[in-house]
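Subject: A structure for you to explore

Hi there,

Here is the structure I promised to send you. Have a look at it first, and then read my notes below with the model open beside you.

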Amino acid sequence: MDVNVKYKVNNQGAHRFTMWLFIVTICMVFAGFTSAFLVRKGAGGAWTPFDIPGIFKVSTLLILLSSVFLQVAHIANKKRHKLMTSIGLFFTLILGILFCYFQIQGWEQLTDMGIYLSFNPNPAGPFFFVITFIHALHVASGILFLAIAFIHSIIVLRKSNKMETHLEEDNIQKGMLTIRTDLLLLFWHFLGFLWVYLYFFLNFNLK
Amino acid sequence: MQTTTVTEPHVKEHSQAAHADAHHHTETFISKYIFSLDHKTIGKQFLFLGMAWAVIGGLMSVVFRIQLGWPDETFPWLEKIFAAWFTDGKLNPEAYYSLVTMHGTIMVFFVLTASLSGTFANILIPLQIGARDMASPLMNAISFWLFFLASVVMFSSIFLPTGAASAGWTIYPPLSALPQASPGSGMGMTMWLIAMVIFIGSTLVGGLNYVSTVLNLRTRGMSMFRMPLTVWALFFTAIIGILSFPVLVSCCVLLIFDRGLGTSFYLSNIVIGGKALPFAGGSPILFQHLFWFLGHPEVYIVILPAMGMVSEILAVHSRKPIFGYKAMIFSILGITVLGFIVWAHHMYVTGMNPFIGSIFVLFTLLIAIPSAVKVFNWLTTLWRGNIRVNPPSMFAVGFVSMFISGGLTGIWLGNATIDIQLHDTYFVVAHFHIVMGIAAFFGMFAGIYHWFPRMFGRMMNDTMAYIHFAITFIGAYLIFWPMHFLGLAGVPRRYYTFNEFAAFSQYATLNKVITIAAIVVFLGQLIFVVNFIYSIFKGRKSVQNPWEANTLEWTSPIEGVHGNWNGDLPEVHRWPYDYSRNPNSDVDFIPQNVPLTEEEKKDYVHH
């Protein structure tokens, strides 16, 4: 067994903990943004509230649905159901991409409504753009990791169909996939939760 | 797979088996020395790059100090070396501001954050807690290479025809937000921001790993309250970084949008050359809040590792248990918590509500309590100790001296009423250079002299080290002590020349003295660099445990092996400060991996 892989598999607890810490750092980034938002709003001066377009409701649903599929993939992987794992990951991936697409649609709708980013005398608009854009960037990085996990699951699926696969190597591959899905599960659920929080925060504070 | 790193702190059999596996892998030069995943190598990489940065940052300060010392002279020979910065033998004002900005950025972030934490967290955390490597060696390597990338970007910005960023290391808008503000606010500032965003990535990836390693990979018996104070300090440093650096990301992101995408988060009502800019409604004070929410914890990121190392070094070299082990830990915790709620003491002159200001005064002055606890404990550790005078202990004592001198002026500046008078004067410059610049450097030097044998298997030259110490200690006070008086007289910082001000130009001689001292101190550091490089190759070979210390890093083979220990990981039976425990014994130290004797078991109250 490759020592490096063995090292990683043995260190699973540490990896999950590190992911939690990473989540804390992202929380701090958005704590920074949202407090800047509140400070700027509270300081008075130009600040025109607006209604968030309904399309953002659709993206909220999409990202929540994607979390459900990732949970399915996770449970399937635990029960060693390889096909279901791949299917779950696939739908999570598609829904994640759709989420980003709908966010872009939402930004375009906002621009059409006259709420734009550059040289907008109303700072509420730019704040909305920056906060949602940075969140979408995080989702995009999540999509990248989802894609890697998905490809990995396909490899595991195909290898297990061949008889000659070395049993030990198969176990390593499964172990690695479990780490990937475990870490993704945390990260992706967090991004979904973060979006729901941001959605309510912005909705509430832009009224 | 180039590494052979394996770990499994709680299952001995596995680690042994896996380690036997490890030797099957051959290593190339590149995988061993360049893209290494071994924490010991990565620590050295951080150290080398940090030293290069320190020399560059120091040299910059010498160049602008020459301008301040002799504002009327011309220096054609300097122009030959730094042609781009000089016209007719005189330093350009724009270049002066770029140099001041880069000196601050390099010293605060690249040397005292990345290199200090990076070097010692890497070398000490796994070795002192008994782990085979970091929780994620790959992330560890990524942390260094991101730092390297940030360094490349920051370094190349110095050579831009328009000059490097010049808005001060705090990059306050609108200077930093408007490319029209100064030549350095164009491409120089853009590259500064790119470099810093990469740099923050490096710090975060590293910090996540350090915290995770400390909490997950301690060897058997190494409970939290048996950890050396170095590990505690590096652990809290990483936590501060994790909580504060992300806010600098938010701060920089909003600035990047203001610079490139026409938003007005920090900009409002700006008229340049009679023409109003289309920015409206922003607030530069908002930037200061976000910046200092990082910026203040940042000074503890700089000083805590030095504090941790000094605690360890003083205990080892005075052959006494550290005084108040738990008090040391809880004072670090106190500093960590309080450090997050005092940021607005950098902003007393922003028109802040005096009531809010007084709350920040209160919190700021409260930090004096844990700081004083630490100073008291260092002094009482030394008190009646069997002190061994050698370079690490000299620098550790020097650290305590600097920390007291600089800390006392902190109490002045923490008071809003005094700060309003002294704000942006040389008093502030003197305060923060002594308390977080020189003190942190002393801690770093103490650490390098102490752990050099652990890193390179050889000892550094003592004579050169003592000369280095004398020059640095006396020279640092000569540079910064007079600055307090300049500041009290109201001399403002960051000015290019004081010729036009009758009130300030009378201090021209004092400024010359400071500059001469700065040049001597800079040259003194070159002695250290020579000693360092010479000793790597030609230094006296070190024995396994040259300082007769208790911590686990001295039980790992001094030549450095992959996985840190051949065979099993050591098991810990006692705290790390059992010095001079048994007066009847010839040996005055008992390493952490020595089991308790029957007699000790009866009366061993510590941990």
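Let's begin with one residue in chain B: leaving aside residues up to four places away in sequence, Phe399(B) touches Ala306(B), Val310(B), Ala439(B), Phe442(B), Gly443(B) and Ala446(B). Please keep in mind as you read that this is a predicted model.

As background, nonpolar side chains tend to be buried together in soluble globular proteins.

Helix H8 (residues 229-260) has an axis that comes within 10 Å of the axis of helix H10 (residues 325-339), and the two cross at roughly 15°. Angles under 35 degrees count as roughly parallel, so H8(B) and H10(B) are roughly parallel to each other. Their crossing is right-handed. On the H8(B) side you will find Leu229(B), Trp232(B), Ala233(B), Phe236(B), Ile239(B) and Ile240(B), which meet Met328(B), Ile329(B), Ile332(B), Leu333(B), Thr336(B) and Gly339(B) in H10(B). Sorted by class, this contact has ten nonpolar residues, two polar ones and no charged ones.

The second pair is helix H3 (residues 39-69) and helix H6 (residues 137-157) of chain B, which pack at an angle of about 15° with their axes 10 Å apart. H3(B) is therefore roughly parallel to H6(B). The crossing of H3(B) and H6(B) is left-handed. H3(B) brings His39(B), Ile42(B), Gln45(B), Phe46(B), Leu49(B) and Trp53(B) to the contact, while H6(B) brings Pro137(B), Asn140(B), Ala141(B), Phe144(B), Phe147(B), Phe148(B) and Ser151(B). By class, that contact has nine nonpolar, four polar and no charged residues.

Now for a detail of the backbone. Which two residues are joined by a cis peptide bond? They are Pro173(B) and Pro174(B), with omega at about 5°. Pro174(B) sits in the loop between H6 and helix H7 (187-216) of chain B. The C-alpha atom of Pro174(B) is separated by 9.7 Å from that of Arg259(B), although the two residues are 85 residues apart along the chain. Arg259(B) belongs to H8(B). Is Arg259(B) buried or exposed? Arg259(B) is buried, because 21 other C-beta atoms lie within 10 Å and 20 or more is the cut-off for that.

Two loop residues are worth a click as well. Asp424(B) has phi near 60°, a positive value in a residue other than glycine. Asp424(B) lies in the loop between helix H14 (416-422) and helix H15 (426-456) of chain B, and is partly exposed, with 14 other C-beta atoms within 10 Å. Ser580(B) is not a glycine either, yet has a positive phi of about 50°. You can find Ser580(B) in the loop between helix H18 (508-538) and helix H19 (598-603) of chain B. Ser580(B) is partly exposed, with 16 other C-beta atoms within 10 Å.

Finally, chain A. How many helices and strands does chain A have? The count is six helices and zero strands, so the elements read α-α-α-α-α-α from the N terminus on. Of the 207 residues in chain A, 37% are buried. Among contacts in chain A between residues at least 6 apart in sequence, 82% join residues at least 24 apart.

Enjoy exploring!

Best wishes

Technical notes
Residues numbered from 1 in each chain as written. Chains lettered and ligands numbered in written order. Predicted model: local features only at pLDDT ≥ 70, side-chain atom pairs only at ≥ 80, totals over all residues. Contact = placed C-beta atoms within 7 Å. Helix = DSSP H or I, 4+ residues; strand = E, 2+ residues; numbered from the N terminus. Buried ≥ 20, exposed ≤ 12 C-beta atoms within 10 Å, placed from the backbone. Axes fitted to C-alpha atoms, helices over the stretch in contact; angles between N-to-C directions. Parallel < 35°, antiparallel > 145°, perpendicular 65-115°, else oblique. Left-handed = near helix turned anticlockwise from the far one by under 90°. Nonpolar A, V, L, I, M, F, W, Y, C, P; charged D, E, K, R; others polar.
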